[in-house]
Amino acid sequence: MKQIIGYMKYDYIKLKYGMRFTMLLFIVISGVFASKSGLGAVGYMLFGAMIVASTTFGPSGQTVSFGDLVPGTTMQKVLGKHLMELVIIALAVAVSLIVVKVIEFAGFDNGGADLQLLAGLVGITLFLLAIQNVLLYLLIPVLGWQFANIIRMIPGFILFFLVMNAKTATSTARILAEVRFPGMIILGIGAAALAAGMFLSYGIVRKREGK
């Protein structure tokens with residue numbers, strides 16, 4: 001566990017400066033969205049969280065990376081990266097809910113953030129994150145960092161347009177209203193997808209290392 005936390009700290013060091021500025025920007029814009037839609041504000045913060053989380057795959061700027069120097073298994077390295085991303089997602093949800101409540105307290109009718117819709121949104125985020133991670137592990141060594149920047153943006157923008165498109169949001173809410181505990185089911189599917197993606201990523205790295 002100590003090694004896993006060490007890899008998480010390394011990923012945090014790589015992204016902390018950019019994360020502070022980026023998340024501050026997303027918090028401000030999320031506040032604007034929160035004046036109209038609580039769910040939209042959460043969705044926008046998750047959009048930002050996915051972009052920030054993907055930067056853990058960025059180059060460190062060092063000739064030899066920390067990951068190559070510190071003892072640890074391939075699974076510990078992969079798990080550390082995935083856990084760091086989950087921390088970022090959790091922080092995004094917590095901050096966005098605070099923003100929604102503050103804006104609501106200020107007198108704006110934003111509809112709050114329904115628990116089932118929130119769970120479903122987080123589940124979709126985890127599912128997209130799983131796909132993104134596998135693609136990054138698979139394609140970065142082949143196509144390079146410039147291509148990775150494209151992969152980082154696509155899943156986040158899918159989430160963004162899913163939440164921000166009024167017609168899609170209405171349809172999604174209608175479906176969720178007709179099914180019992182749908183949000184929790186989607187959350188479970190998303191979590192399972194992320195876990196499966198982690199093991200698939202592990203397999204990709206192991207095969208590339210010839211182990």
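The following legends describe close-up views of a predicted model.

**View 1. Helix α8 and its buried residues.** Helix α8 comprises residues 182-209, a run of 28 residues. At 1.5 Å a residue this helix should span 40 Å, and its end C-alpha atoms are 40 Å apart, which agrees with that expectation. Buried positions in α8 are Pro182, Gly183, Gly190, Ala193, Leu194, Gly197, Met198, Ser201, Ile204 and Val205.

**View 2. The packing of α4 against α8.** The axes of helices α4 and α8 approach within 9 Å and cross at roughly 145°. On the α4 side, the contact is formed by Thr74, Met75, Val78, Leu79, His82 and Leu86. The α8 side contributes Leu194, Gly197, Met198, Phe199, Ser201, Tyr202, Val205, Arg206 and Glu209. Of these α8 residues, Leu194, Gly197, Met198, Ser201 and Val205 are among those that are buried. The crossing of α4 and α8 is right-handed.

**View 3. The packing of α4 against α5.** Helix α4 (residues 74-105) meets helix α5 (residues 115-143) with axes that come within 12 Å and cross at roughly 150°. That angle makes α4 roughly antiparallel to α5. In handedness, α4 passes α5 in a right-handed crossing. From α4, the residues in contact are Val78, Lys81, His82, Glu85, Leu86, Ile89, Val93 and Leu97. Their counterparts in α5 are Leu118, Val122, Thr125, Leu126, Leu129, Asn133 and Tyr137. His82 of α4 takes part here and also in the contact with α8.

**View 4. The packing of α2 against α5.** Helix α2 (residues 38-54) packs on α5 at an angle of about 20°, and the two axes lie 11 Å apart. The helices are therefore roughly parallel to each other. Here too the crossing, that of α2 past α5, is right-handed. Leu39, Val42, Gly43, Leu46, Met50, Ala53 and Ser54 represent α2 in this contact. They meet Leu117, Leu118, Leu121, Val122, Thr125, Leu128, Leu129 and Gln132 of α5.

**View 5. The surroundings of threonine 125.** Threonine 125 is found in helix α5. This residue is buried, its relative accessible area being 0%. Setting aside residues up to four places away in sequence, threonine 125 touches Leu46, Met50, Ile89 and Leu159. Leu46 and Met50 belong to α2, whereas Ile89 belongs to α4.

**View 6. Threonine 56 and histidine 82.** Threonine 56 lies in the loop between α2 and α3 (66-69). With a relative accessible area of 0%, threonine 56 is buried. Histidine 82 is 26 residues away from threonine 56 in sequence, and their C-alpha atoms are 9.4 Å apart in space.

**View 7. The salt bridge between glutamate 104 and lysine 101.** The model has one salt bridge by the rule applied. Its partners are the side chains of glutamate 104 and lysine 101, with an N to O distance of 3.6 Å. Side chains of opposite charge can pair when their charged atoms come close. Glutamate 104 and lysine 101 are three residues apart in α4, and therefore separated by about one helical turn. An α-helix has 3.6 residues a turn, so residues three or four places apart point the same way. Glutamate 104 is partly exposed, with a relative accessible area of 32%. Lysine 101 is exposed, with a relative accessible area of 55%.

Methods. Residues are numbered from 1 along each chain as its sequence is written. This is a predicted model: local features need pLDDT of at least 70, side-chain atom pairs count only at pLDDT 80 or more; totals for chains, interfaces and linings use all residues. Side-chain values use heavy atoms; hydrogens and water are left out. Helices (H or I, at least four residues) and strands (E, at least two) are DSSP runs, numbered from the N terminus. The expected span of a helix is 1.5 Å times one less than its number of residues. Buried means under 20% relative accessible area, exposed over 50%, partly exposed in between (1.4 Å probe, protein chains only). Contact means heavy atoms within 4.5 Å. A salt bridge is a side-chain nitrogen of Lys or Arg within 4 Å of a carboxyl oxygen of Asp or Glu. Axes are lines fitted to C-alpha atoms, for helices over the stretch in contact, and angles run from 0 to 180 degrees between N-to-C directions. Angles under 35 degrees count as roughly parallel, over 145 as roughly antiparallel, 65 to 115 as roughly perpendicular and the rest as oblique. A crossing is left-handed if the near helix is turned anticlockwise from the far one by less than a right angle, and right-handed if clockwise.
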